[in-house]
Amino acid sequence: MELILSLGIGVLVGSGVWLLFRPRTYQVIIGLALLSYAVNLFIFSMGRLTINAPPIVQAGVEIDSTTFADPVPQALVLTAIVIGFATTALFLVVLLASRGLTGTDHVDGRETER
Amino acid sequence: MILTPEHLVIAPILIPFITGVLLLFFEDRERRLKASASILATIALLMVSIELLQISHTDGGRVVVYLLGNWPSPFAINLVLDRLSAMMLILTSVLAIPALIFSLGRWHRAGLHFHTLFLLLLMGLNGAFLTGDLFNLFVFFEVMLAASYGLALHGSGLLRVKAGLHYIAINLAASLLFLVGVSLIYGNTGTLSMADLAIRIPQIAEENRIILESGIAILGVAFLIKAGMWPLGFWLPTTYTFAPAPVAAILTIMSKVGIYVLLRLSLLFFGEEPGISGGFGSPILFFGGLATIVFGIIGVLASQALGRLAGFSVLVSSGTLLAIIGLTQVDITAAALFYLVSSTLAISAFFMLIELVEREQSAISNVLAVTKEAFGEGDEEEEDEEIIGVAIPGSIAILGISFVACSILLAGLPPLSGFIAKFAILTAILNPEGGAISSASWWLIALLILSGLSALIAMVRAGIRTFWAPAVALVPRVLLIEIVPVVMLLFMTLALTVQAGPIMHFMEATAVSLHEPRSYIEGVLKAPPAAPWQMETEE
């Protein structure tokens, strides 16, 4: 499980960074989205990978911290997803405004001369 | 309800938040209502901040902790007030009031929801200064950044959107680095409370230390991007140049948020008990700061447009502060705090002044940063915007005097506070605790003096071109409401000069408590939860 998760994060980061450095605004926003997926998975993995260990405390049962999933990274991921989604949406609006004003989807607002 | 100091701590976040949200319910046409509401909110902010400063400075420095949801420390997400955060709160509201008054001249009409965005920016700033929790810091950073994206694009226009696109892309990527850093720190220490981290970091096992340190380094990169350290700060001058003047004035403190966090965290995590990680990252801060000063100096000298000159001045100021944080000495830190306040006020006033001075010149000539001579005189006559209001007689004289005052402040010449700040820094560097002055310190001294000289050269050149030898002599028509904020800020620096003694004592006390964070850590971890509600109704 650890290997699959780390490979997944690696692939997402690799493609995200590559897209981030591309000249088209659409590529940049997709790159940022991929990077934020990778970061969210990364935060999640910081709570150790466990299966069948819901963080629910039952009354009268002594707590054994090794059988519990860490709930904090899950809360952090939720916040990060919401904030990342909102800022990406905002970026999308700016991207469209830039396309409308400059007439090109190049990140610098003009095509490079070849 | 009785307001104990603990409850007052959350007011700097709630006041702008509630006002900003309430203003959303009114249409933008009701400008007078919106303007008076937001001015009242910022004045209330200033009064609350002054009260908080007095609370934090009593009894030899108090640490007031507000436990959100009344959870016990260290599990609660907390707000922590100490001298440094109280000082930053005051600086924020002192900058906010003039910027807001300035915007009433014309800028708040240039787009939708100016006042709401402005107040939410203040909320994010105040939250970032008050929070004692790393993830909460991320949330307030995002509030601040989201508002700043809107404000940087306020008024729209091709150049603003182009600059804004880069600004947003860079800051989104920086936010992701922030998250990676925070989660690495959490994964190693199991806590996000800054005070708790300060205790746990020296106890981390040797084999995990490298992961923890890389987490802290990644987090540091995110703050260095905000602070504009070379080579992470290329976005800064462009963004600040194209942002509307009142927004640029308040953005000057946004670059200081990165500095504030670096100062607080580096001394908290690696200050008291150095352990194995003692002094981690300070050489990078020092030499990065020096490189930033050099880059800033080159930029200041090369700038043709005043806006870019101001943008690069922000970099010089950031670089100086970063290099000083890298030195980690109590007396230099005290001087640096004075420099922070003085330079922020000066650059903020300068950004607003530039807009007034360059108002009559064509927008394109400001933007292209080509030499004025080469650009020709044809464009000067174009008046792209209608002039609202009556021109003040002698406006050029007031603008000229303000310009001279800004030059003196930026160059660090007597008699204004820029000189006192630099003098204090140099005195502290030349009298080190150990006795001998290190060769690195000599570099900083040389660069500090050089940066003053270059600011003077650039400002004199720009001043002659603008006031004495313009291609077409035009008297800028400015409203009283637009010149008053600039003069207000300049008078603040005058007050800093006159009251330099007591203020320096305060800064020294702040620096001492920063360098010995025991009282901060204990204050946070031993903070008692608030009494239940019945107690208050009985009284």
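**Close-up 1. Pro231(B) sits in the loop between helix 9 (206-227) and helix 10 (235-242) of chain B.** The model is predicted. The peptide bond from Trp230(B) to Pro231(B) is cis. Its omega is near 0 degrees.

**Close-up 2. A cis peptide bond joins Pro414(B) to Pro415(B).** Here omega is near 10 degrees. Pro415(B) belongs to the loop between helix 17 (395-411) and helix 18 (417-430) of chain B.

Close-up 3. Three residues, Leu165(B), Leu176(B) and Tyr186(B), supply 24% of what chain B buries against chain A. The contact draws 26 residues from chain B and 29 residues from chain A.

**Close-up 4. Helix 6 (134-152) and helix 7 (158-189) of chain B each supply at least two residues of the side that touches chain A.** Helix 7 of chain B gives the most, with 16 residues. By class, the residues on this side of chain B are 19 nonpolar, 5 polar and 2 charged.

**Close-up 5. Polar pairing across the contact between chain B and chain A comes to 4 residue pairs in polar contact.** Both residues of each pair have pLDDT 80 or more. The count of salt bridges between chain B and chain A is 0.

**Close-up 6. Nine side chains aside, the theme here is a nonpolar surface patch of about 790 Å² on chain B.** Its members are Leu14(B), Phe17(B), Ile18(B), Val21(B), Leu22(B), Leu24(B), Phe25(B), Phe26(B) and Leu33(B). Helix 2 (residues 11-23) of chain B contributes the largest share, 5 residues. Phe25(B) instead lies in the loop between helix 2 and helix 3 (31-57) of chain B.

**Close-up 7. Arg24(A) and Asp105(A) form a salt bridge.** Their closest N and O atoms are 2.8 Å apart. Arg24(A) lies in the loop between helix 1 (2-20) and helix 2 of chain A, and Asp105(A) in the segment after helix 3 of chain A, so the pair ties together parts that are 81 residues apart in sequence. Over all chains, the whole structure holds 4 salt bridges. Side chains of opposite charge can pair when their charged atoms come close.

**Close-up 8. Arg48(A) has a positive phi, although it is not a glycine.** The angle is about 65 degrees. Arg48(A) is placed in the loop between helix 2 (25-45) and helix 3 (71-102) of chain A.

Notes. Residues numbered from 1 in each chain as written. Chains lettered and ligands numbered in written order. Predicted model: local features only at pLDDT ≥ 70, side-chain atom pairs only at ≥ 80, totals over all residues. Heavy atoms only, no water. Contact = heavy atoms within 4.5 Å. Buried area = accessible area lost by both parts, 1.4 Å probe. Polar contact = N/O pair within 3.5 Å; in protein donor to acceptor, adjacent residues only side chain to side chain. Helix = DSSP H or I, 4+ residues; strand = E, 2+ residues; numbered from the N terminus. Nonpolar A, V, L, I, M, F, W, Y, C, P; charged D, E, K, R; others polar. Patch = residues over 30% accessible without salt bridge, like charges linked within 9 Å, V, L, I, M, F, W, Y side chains within 5 Å. Areas by Shrake-Rupley, 256 points an atom, 1.4 Å probe, with all protein chains shown as cover.
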